[in-house]
Amino acid sequence: MRKNLWKLLVTMAILTTFIPGLAGCATPTPEVIEKVVTQIIKETVKETIIVEGTPQVIEKEVTKVVEKEVTKVVEKVVTATPEPKPVEPVTLRVGMTYIWDTANPTFGWYNYGLRYLLYDTLVEEAGISNFVPGLAESWTVSDDGLVWTFKIREGVTFHDGTSCTAEDVAWSLNWTIENEIETFSFYLINFQEIIALDPTTLQVTLSEPVGNMEYLLMYVWILPRSVWEGMSYDDIMEFEDFAAGTGTGPYKLIEWVEGEYLILEANENYFRGDPAIDRVVYQEYATEDVMVQALLAGEVDVIDTVPSTAIQTLEGVENVELAVMWSTEIDELIINSHENGTQPASLNDPAVRLAIAYATDKQQIVNVAYLGYAEPATVVVPASLGKWHNSDIVDIPFDPTEGCRILEEAGYVDSDGDGIREDDDGNPLEYRLYATEDATPARILEIISDGLAQIGISAPPTLMDEDSLIGLYPDFDFDLIYWGWGLDPDPDFAMLIFTCDQREEGGWNDSGYCDEKFDEMYIQQGTMVDQEARRELIWQMQEQLFEERPYIVLTYVQNVQAFRSDRFTDFGLYAGDILWKSAFLQAKPVQ
């Protein structure tokens, strides 16, 4: 009994050093070691070994026996324990008809949702007009509204491992202003001084108060000096290296083949924690129909938009779920309002514009073009923006009879009986009606054209490619255009696109509208810290646009996306887009 105990003690001692050292073997798990110990005990206590002598002699002799048995048993146990299989990364595939224009955020205008996965901002949007901390975990503002102080998160790094302190944020914002970065420097127009008081404190001094600071900052990406420092403006504009995608966001840009696919991988050092989805693959398709078929076939897990023609196809399909959300999207009929535009003089007449409004059947557009996934609109600020939307305005109803009466009273009559009214000089009310060559715009143009025909206006639909349509704007060489906007979560941008200086080439003003009083109100609202006073002014601006009609706003559009519910779940539906960062980061694979 005493000799067997010696064997057992020596066995345990040897195991602690011998097992991990076996060449070519996997590192033993606790379960494997337990099996080995059990087996060794069984093997070594089968027979008694007679050993005489000192304890040292006994230990030496027993060790020989145990080493022999350990080798046999460990080899059997470890060999029978397979290497664990590598864990496959969780990959989500997104289908879209266009991924983006460039990896360079300084002149890239497309797919902001993708870019927000790469870059962080000081303030983020988590739901329409709901602004929450981003890189800045908190902020305060002085009583006069001129000094803003931001507490910057500690321990944040860019994808290349460089730090992102308050000093780095200050550098990025100053660099943006100094280089007049076209995609977001205009959001910082009132920033007079930007300094870091210490590694976690950023101070911004404004030239005049700003009434919507949180909104402005959610559009200004923080970029690393390790990539951009020292570049000239021309260098910045020509930079196409993948390093342009370096940010502090939850994903890193790994690969992009233009016109085919783009790959992101999770940022393991993201300050909010590892994303549940390890890899995101964006796949580009030639048409929306092909993209929908890819979803049905399981080639992709999400499609960024569901065309109205495919909604009924996807409704009720097993393992496919529609994500229907109110968005900031509007569509509108643009009426050329530029004093030097090529539109007929009759189109500048308020009576003609009012008659066009009466001849526009918005409910039919909702029913036919959007299959009910929209609602008739009134003003340019959509209802999804809550308090900023002027809910007091009553829309012009679809009433062709009233439209005819207005035109008749204004002196527009059909003197030759051809169904088209003429002005006092005999010029027929014939207008050019344009839209892009897609299925939904084609349906909408038919509805608008039919309505106008009912009041004696000829406007046959003309479809063209998007580049050709945009090419009409610099000279304002059109009469009527159907178009749409994805507006910002603050009313500032919706008002900006009607200001006079935005009529310059490259500006946002697509109607040519210009009014000095409106411009003054726009400037004033941007500096109003009192949010209720700002809301009242924004409502007044909407009323002016409604009465003068550079746009006839047609619908507030719901965003309809779709995803494979057998693969992923828990996308956030509050942001109007399940691919928006705050919504996307909630998604996880189905277990």
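Start by selecting Tyr-116, Glu-124, Glu-125, Met-218, Trp-580, Lys-581 and Ser-582, which line the second largest cavity. A cavity here is a set of points on a 1 Å grid over the protein atoms alone where a 1.4 Å probe fits but cannot get out, and lining residues have an atom within 4 Å of a point. Strand S2 (123-125) and helix H19 (581-584) each give two or more residues to this lining. The space inside is about 50 Å³.

A word on ground rules: this is a predicted model, with local features needing pLDDT of at least 70 and side-chain atom pairs pLDDT 80 or more, while totals for chains, interfaces and linings use all residues. Residues are numbered from 1 along each chain as its sequence is written, and side-chain values use heavy atoms, leaving out hydrogens and water.

Next, the largest cavity, with about 150 Å³ of space. Pick Thr-378, Phe-546, Tyr-551, Ile-552 and Val-553, the closest to its centre among 15 lining residues. Helix H18 (531-548) and strand S17 (551-564) are the elements that give two or more residues here.

Last stop: helix H17, where you'll find Gln-525. Is Gln-525 buried or exposed? Its relative accessibility is 0%, so Gln-525 counts as buried; the cut-off for buried is under 20% relative accessible area (1.4 Å probe, protein chains only). Show its contacts (heavy atoms within 4.5 Å): leaving aside neighbours within four places in sequence, Gln-525 touches Asp-492, Arg-534, Leu-537, Ile-538 and Met-541.

Notes:
Helix = DSSP H or I, 4+ residues; strand = E, 2+ residues; numbered from the N terminus. Buried < 20%, exposed > 50% of the residue type's maximum accessible area, 1.4 Å probe, protein only. 1 Å grid on protein atoms, 1.4 Å probe; cavity = no way out; pocket = protein on both sides within 12 Å on 5 of 7 lines; lining within 4 Å. Points joined across faces, edges and corners; volume = space filled by probe spheres on them.
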